[in-house]
Amino acid sequence: MAYFRSHVLVSIDPVCIEKGAYDLIDALHDELVKQGLVDEIQVLETSRIGDPETQGPDLMVYPETVHYSNLSVNDIPFLVEEHFLKGRVAEQYIREAKAILDEELSAPKAKEVRIVLKNIGEIDPLNIEEYIARDGYMALGKVLTEMTPEETIQEVLDSGLRGRGGAGFPTGLKWRFIRNADGDQKFMICNADEGDPGAFANRRVLEGDPHSVIEGMIIGAYAAGASQGYIYCRAEYPIAVRTMKTAIEQARNFGLLGEDILGSGFSFDLEVRMGAGAFVCGEETALMASIEGHRGEPRPRPPFPAQKGLWQQPSNINNVETYSNVPQIILKGAEWFAGLGYKKSTGTKTFSMAGDVKNTGLIEVPFGITLREIIYDVGGGIKDDKAFKAVQTGGPMGGCLPEANLDLPMDYEALGAAGSILGSGGLVVMDEDTCMVDIARFFMEFTQDESCGKCTPCRVGTRRILEILTRICEGNGKPEDIDTLRHLCDEINENSLCGLGKGAPNPVKSTLEHFLDEYEAHIYEKRCPAKVCRNLIRFEIIDGPCTGCTLCARNCPVDAISGERRKTHVIDPDICIKCGICEQLCPYDAIEIV
Amino acid sequence: MSKEVKQGQDVQKLVRTLVEDLGHEKAELIPILQEINDELGYISDDAITELSQLMNIPTSHIYSVATFYRMLSTEPRGRHVLQFCESAPCHVAGGRLVWQKLQRVLGLENGETSPDDKWTLLTTSCLGVCGVGPVMIIDNDLYGNVTPEQVPDILSNYK
C-alpha cells in the first residue's frame, strides 16, 4: 500500500453528488497535481460526512481530523494551498457540523463486545486494502500455510462456534461432515437470506465488512474441501448484493479467490445469488432449491445437505455471522473465543433491537448476558418510561417472553427452555400498550403468508390459527378457542416439514402461556386490556379538557364528531371507524379510549 | 418502474439477449426472470413462452417459479409500485396508521392496481431498515419514519 501523508475523504452521497461532489474531486486532483502534492495526499470517496441537507459537499482530512463543509470548486485552490502546502487549517471552511448519528449502529455501549461488528463503519467496505490493513486475510494465510484442513476444523470445533442462523449446530462438526462425505464437488454456501422482520445484523456485515464473510468462507472451504461457493442474498438488500459482488471481484484480483490461492494449491471461487422475495428460502433446503432455479420449497431431511445438498452434492450452509467469526477465531485462537460467553454458547451474538426500547439498533454482546441487561443497560430502557410488557426474541418464529423471564442468561439452551428461540437475533421490545393477542395474530399473519404451502400442517394449520385469533381480536372469540389453539400449536409444531412450520406456533404458544389473562379478557369480557383491538374499544371525548377547538371534527375522515365551537364535542360511535386520528391530533388529550 | 409497454418482438428480443448473457442453465432461471420483471414491470405470457423454448424448460415450471416469489409478478403493475413494510418493528412503531392512511388515500387494498394504472399498492417483507420504521418504498425510493400526515405529500411527488 502506498504511503500518503494525509487522506482527504469526500462525501459522495446523492445530495452531495447533486451539489457537485465529483467536480470537487476533479478540482482537488488537478490542484494537488499542480502543487506537486499528488503523491502525498490521497483523495478518497466516502459516504456522507455531515448533514447533506444543510451542508455538502464535505471533506474530512485525516489524520488531522479536520472537517470542511459547504465547499465549491472555487474554494479548492486556496484550501489546498493553505492546508496541504502551508499546513494551516483553513478555518473559514469549518462550520459547526451537526453530527449524523448512525441510527442502526452506535458506538459500543458498556457490556458490548464487538467481534463481528468491529470493522463496520471503521473501514471502507469497497476497498480490500482497508480490510487487509486491519489484519484481514491473515487468518487465511495462516490456515493455508500452517494448518491442515483437519487442524482447521479442530480449531473451530474447540472454539465452540455454533450456527448463528439460529439452530446453533456446531460449525466445526458441520465442516467435518462435508470433509468426510463422498462427492465429486463440494459446495460452501452462505445463507444471507436474512428475512426475519426486525433483524438486520447480517445486512450491516455484508454492507460494512464483506471481506470478513468471504475470508470465513474460504477458510471453511479449505477445511471442508469445497471448491465452489455461493452467497445467497435476499433481493431486498440491493446494496449488500452490490458490495459483495465488488468485494469478491477484489479478492479475486488479489489472488484470494480462484485457482491456487496464495500459491497454496488450494482453489475456491465464489458467486452471489439473489433471492426474489420468499421468506422460506432462509430454510437451507429451500435455499438450495432456489439456487438451482426451482420454487424455494423445503424438502424432508434426511438426506441432510452435508450428504446430498446443492445439485445432490455435499454442501455446507452457514450464516453470514457464523462465517464472519471464523477469521478472528483462527487469529486469536479457539481458547480466546471459548472464554467468551456462557456454558455451551461461546463467543458473542449480535441482536437487532427494535420496538418500544429507547436505543434501537444493532448490538453485539457476549452470550450469557441477561435480557434485562440488554434491554435496560444497553437498550436504555423502555421508550417514554412506560412499563415493559414483553420481548419477542428470534424473529417471527420466536416466543414472547414476559417480565419474569428477563433474568434469563441469553444462550441457545436457556431461550429454548423458556419457549422461545435465539433465532437470527431479532429482539422486539413491547411496552404496556401492546395487545398480546393482536401481536400473536400479527405474527401468525406473517407466517401464514410466508408458508410455502408444501406441507399441510403448516399451510392449513397456520390459517386455522389465524382465523381463530382474528375472531378473538374482533370480539367473537369462543370459550373453546383457547384449547383449540393449544391443540393446533402442538400439531403444527410436531408435523411440519421445516423450521418455518415448526416455529410458527411459538408466538401463540408463548402468549397463551404468559398472557392468558388477555386472551380471556377478549373472549369472556369482550375487552381488550391494552385498548388496541378496534372492535373492542370506543373513542370518547372527555368533558373537562375538551376546549371545543374543532380540530378533531375537521380531521375526522367520516364526520363522526360533532359539537359547537368552544363546547365539548361528541363522537357518534355508530359512525366512528376507530381510526384514532382524533386522539393523535387532540392537543388537550381530551380523547379517551374506553 | 414506469416502463414502456413492450410487446411481441421486443419481448422476444429482450428474452433472447438475457438468455445469451446469463446462460441456458436452470440455475439462471430466477436471475433471468428478475431481469424480465425489472424491464417489463411483470413477467408476461409471451416472455414465459419464449423463455421456455430457449431454455428448454416447461412453461409450467417457469410459471410455478414466477408465481412463487413475491418480487416476481405475472400481472401488470402500475407505473409506480408502493411497497409498505408490514413487519413487526414497523407495526409497533405506528405502521398500522400509515397503512390505513395509504389505503384510504389511494383507494386501494393490498395487491390492487389503480384503474388509471398509476399505483400498485403492496406490502413487502422486512427491508431490514427497522431503525427508521415505519418504512415504505416507492419504485426504488425508500422512505423512513413515515407518519400518516406525510402520506399525501410523499405521494404527490409521483406523476
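Start with chain B: residues 24 or more positions apart account for 63% of its contacts with a separation of 6 or more. A contact here means two C-beta atoms, placed from the backbone, within 7 Å. This is a predicted model, in which local features need pLDDT of at least 70, side-chain atom pairs count only at pLDDT 80 or more, and totals for chains, interfaces and linings use all residues. Residues are numbered from 1 along each chain as its sequence is written, and chains are lettered from A and ligands numbered from 1 in the order in which they are written.

**Stop 1: chain B**

Keep chain B selected. Its C-alpha trace spans about 50 × 30 × 25 Å along the principal axes. Six helices and four strands make up its secondary structure. Helices (H or I, at least four residues) and strands (E, at least two) are DSSP runs, numbered from the N terminus. Follow the chain B sequence and the pattern reads α-α-α-α-β-α-β-β-β-α. Of its 159 residues, 43% count as buried. Buried means 20 or more other C-beta atoms within 10 Å of the residue's own; exposed means 12 or fewer, and partly exposed lies in between, with C-beta atoms placed from the backbone.

**Stop 2: the parallel sheet of chain A**

Now select S5, S6, S7 and S8 of chain A. They form an open sheet in the order S7-S6-S5-S8, with parallel pairing. Its edge strands are S7 (269–274) and S8 (315–319), each pairing on one side only. From one strand to the next, the twist averages 20°. Strands count as paired if DSSP finds at least two bridges between them. Zoom in on S5 (187–192) and S6 (228–233) of chain A: six bridges join this parallel pair. Phe187(A) faces Gln228(A) in S6(A).

H10 (238–253) of chain A lies across S6 and S7, running at about 165° to S7(A). H12 (320–332) of chain A packs on the sheet, touching S5 and S8, and its direction makes about 90° with that of S8(A). Axes are lines fitted to C-alpha atoms, for helices over the stretch in contact, and angles run from 0 to 180 degrees between N-to-C directions.

**Stop 3: the cores**

Select Ile218(A) and Cys233(A). These two have the most contacts inside the largest nonpolar core, which has 184 residues. Such a core is a set of buried Ala, Val, Leu, Ile, Met, Phe, Trp, Tyr and Cys residues joined through C-beta atoms within 7 Å. H9 (210–224) of chain A gives the most to this core, with nine residues. Leaving aside neighbours within four places in sequence, the contacts of Cys233(A) include Ala192(A), Leu206(A), Met244(A) and Val272(A). For a second, separate core of 17 residues, pick out Leu28(A), Ile41(A), Leu79(A) and Phe84(A), which are among its members.

**Stop 4: strand S15**

Move to S15 (426–431) of chain A. Five of its six residues are buried, so the strand is largely enclosed by the rest of the structure. S11 (348–355) of chain A runs parallel to S15(A), joined by four bridges. S13 (388–393) of chain A pairs with S15(A) in the antiparallel sense, over five bridges. Center on Leu427(A). Met353(A) is a bridge partner of this residue, and Thr393(A) stands opposite it as well.

**Stop 5: where the chains meet**

Show both chains. Chain A brings 37 residues to the contact and chain B brings 30 residues. On chain A, H11 (284–291), S11, S15 and H16 (436–450) each supply at least two residues. S11(A) gives the most to this side, with three residues.
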